Amino acid sequence: MTAAVKGGIPLQRPVTVLVFAIVLALVVLPLLVLLRTSLLPAGQLPLESTDVTFANFVTLFTSKNSLTILSNTIIYAGSSTVLALVVATVLAYLTERTDMPGRFLLRTVMFTWMTIPALIVGFGWILLANPGSGVLNLWARQLFGIEGALFQIYTFPALVITTTIALVPTSFIMISGVLRNMDPQLELAGSVHGARRSTVLRSITMPLLLPGLLSSAIYMLMAVIQTFDLPLVIGMTAKVPVVSTRIYLLTAPDVGVPRYGAAGAFGVVLLALASILVWAYLRLTRVQERFRVVSGKAFRPKRVQLGAWKYPVAAAVWGYCLIMALPLLMMIWASLFPTYRPPSLETLSEASLDVYRTILENNAILRALWNTALMVVATATLTVLLCFFTGWLSVYRNDGVGRVIDALSFIPMTVPPIVMVLGILLIYLKTPLYGTVWIMVVAHVTIFLAFGTRTMATTLMQLNRELANAAMISGASWLTSLRTIVLPLIAPQAINLWLWSFAHAARDLTVPLMLMTLANTVVASTLLNLWQFPNLPGTAALAVMFSGVLLLLIVPAQIYISRRYDQD
């Protein structure tokens with residue numbers, strides 16, 4: 001043990017202090033600044049005054065406009081979540097518990113679709129259902145002689161439906177995992193005793209599935225409350241303001257000066273709402289332990305025979321998948337013409353790749369591509385590095401320091417990204433870091449800290465501590481034992497976390513838009529700028545290229561790592 005002490009403690013202490021300081025600065029400082037900002041008088045910055053006022057909260061809770069925004073947010077999030085869970089549960093049940101054809105391909109499609117940025121999907125839906133020139137409305141007029149617009153994208157129901165479709169893949173992944181790991185012995189017992197299939201589903205399957213559904217519902221509800229992309233590109237024009245877009249407009253108004261105090265008050269309220277949901281989520285995941293029916297024995301669920309309904313059901317499912325893919329197909333079509341042309345066989349002969357060449361010759365877009373590459377690689381690498389150490393310290397430090405680091409690293413889960421980014425903006429607004437790509441890296445690493453630490457900690461819990469101790473007893477330093485023994489053992493999960501961070505940083509719009517300047521534009525903010533310019537063909541071409549790169553990088557890599565991990 002002497003060698004372990006000599007080799008491990010001198011290095012471990014400064015690393016622990018450094019990690020603790022970094023986590024404290026990343027997580028606590030933005031929230032303190034946010035709280036201070038919410039108490040600021042109008043027109044002041046948090047570090048320029050000591051004045052305190054509750055006027056921002058009074059205005060928020062007494063203004064009819066503010067109450068409308070809060071109610072819009074709750075209704076929007078609740079209805080989107082419920083609809084997404086219904087669709088996802090049906091798809092997951094058909095995939096995991098029936099003999100529907102194409103089950104593996106459906107899982108692949110759902111997993112792949114999670115890579116496509118929601119901003120690009122929103123643009124595609126606008127091209128499809130715009131009341132003036134939307135493709136669906138044009139076809140309705142040509143085929144059925146319908147006057148006016150049959151489809152209206154700029155409405156509250158349309159915002160809910162598009163968000164629902166965007167949520168279904170994530171909900172599907174969560175619910176299918178619950179169904180796949182649920183031992184069907186109780187369902188089989190019900191069938192043996194003569195219960196009908198519908199009775200078994202209603203009386204046994206659904207009660208066992210309910211805790212998982214509720215925890216998934218709360219997780220998705222948090223995600224929708226925090227979402228920014230679709231409410232910005234669809235909800236703003238539809239005059240459906242929600243809290244996330246309101247915070248953005250208060251910090252980046254078209255006219256006038258930013259109202260950071262009012263934005264801070266909205267951020268504190270959103271933080272409180274998210275904290276309640278996180279508390280409920282954690283309670284439900286603990287309750288869910290009592291509903292586990294997976295034993296140590298191997299089992300294979302008996303699939304429901306759909307009989308004559310097998311192929312009609314499969315056709316309906318793939319019809320839904322086609323609807324889900326329509327926005328991306330629409331963007332591909334729009335990218336093939338120098339000016340927008342509605343889809344038709346007559347114009348297909350005029351398609352070309354000229355717009356792509358023009359995009360790749362644009363210096364501003366090339367700079368955005370470089371900034372994006374730098375941002376996502378740095379974010380993914382620093383996230384894995386930091387989360388490895390926070391995970392290690394939270395698992396293997398059996399003292400107050402380990403518990404504090406674990407608690408601090410969990411805080412970003414309770415903080416909506418736009419609220420955290422607002423705090424980061426206020427901290428670095430007057431520093432050299434503002435206006436660079438690195439402030440976006442700081443924001444993304446902070447937001448990903450909770451998920452990354454939980455991922456690393458869960459993996460490290462499965463390792464026997466004696467492996468690293470044996471290396472230190474043999475004279476290796478603490479860092480050497482981590483590098484040569486621990487890291488190779490957790491490599492698959494670390495690579496998965498890197499890919500997850502890479503993809504989420506690339507597709508995120510909240511951080512780039514809140515922290516955008518002329519010098520640090522990335523692909524997400526450039527897409528929005530091109531759309532608003534407007535340059536529809538350029539937007540479509542850049543969106544297709546960006547989506548294609550993400551799909552080619554992320555999906556094969558995750559499939560490869562997953563298969564290699566399973567073989568090991």
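Is K239 buried or exposed? K239 is exposed, because its relative accessible area of 71% is past the cut-off: buried means under 20%, exposed over 50%, and partly exposed in between, using a 1.4 Å probe and protein chains only. Keep that scale in mind, as we will come back to it at several stops.

A word on the ground rules before we go on. This is a predicted model, in which local features need pLDDT of at least 70 and side-chain atom pairs count only at pLDDT 80 or more, while totals for chains, interfaces and linings use all residues. Residues are numbered from 1 along each chain as its sequence is written, and side-chain values use heavy atoms, with hydrogens and water left out.

Let us start with the whole chain. The protein chain has 24 helices and zero strands; helices (H or I, at least four residues) and strands (E, at least two) are DSSP runs, numbered from the N terminus. Of the 568 residues, 51% are buried. Contacts are heavy atoms within 4.5 Å. Taking the contacts between residues at least 6 apart in sequence, 77% join residues at least 24 apart.

Now back to K239, which sits in the loop between α10 (229–235) and α11 (243–251). Its backbone deserves a look too: K239 has a positive phi of about 60° although it is not a glycine. Most residues other than glycine have a negative phi, and most peptide bonds are trans.

The next backbone feature is a cis peptide bond, which joins F533 and P534 with omega about 0°. P534 lies in the loop between α23 (523–532) and α24. Helix α24 covers residues 536–567 and contains S547. S547 is buried, with a relative accessible area of 2%. Leaving aside residues up to four places away in sequence, S547 touches I116, P117, I120 and L328.

Two helix pairs come next. Helix α3 (residues 64–97) and helix α4 (residues 103–113) pack at an angle of about 140°, with their axes 9 Å apart. Axes here are lines fitted to C-alpha atoms, for helices over the stretch in contact, and angles run from 0 to 180 degrees between N-to-C directions. That angle makes α3 oblique to α4, because angles under 35 degrees count as roughly parallel, over 145 as roughly antiparallel, 65 to 115 as roughly perpendicular and the rest as oblique. The contact is made by L91, L94, T95 and E96 of α3 and R103, L106, R107 and M110 of α4. Those residues divide into four nonpolar, one polar and three charged; Ala, Val, Leu, Ile, Met, Phe, Trp, Tyr, Cys and Pro count as nonpolar, Asp, Glu, Lys and Arg as charged, and the others, Gly among them, as polar.

The C-alpha atoms of E96 and V178 are separated by 9.7 Å, although the two residues are 82 residues apart along the chain. V178 lies in helix α7 (residues 156–180) and is partly exposed, with a relative accessible area of 22%.

The second pair is α16 with helix α17 (residues 400–414), which pack at an angle of about 135° with their axes 7 Å apart. That makes α16 oblique to α17. T390, L393 and S394 of α16 meet G402, I405 and D406 of α17 in this contact, and the residues divide into two nonpolar, three polar and one charged. Helix α16 (residues 363–396) also holds A364, which is partly exposed at a relative accessible area of 36%. A364 and A519 are 155 residues apart in sequence and 9.7 Å apart in space, C-alpha to C-alpha.

Our last stop is W139, in helix α6 (residues 135–144). With 41% relative accessibility, W139 counts as partly exposed. Not counting residues up to four places away in sequence, W139 touches F144 and P343. W139 and P343 are 204 residues apart in sequence, with 9.7 Å between their C-alpha atoms.
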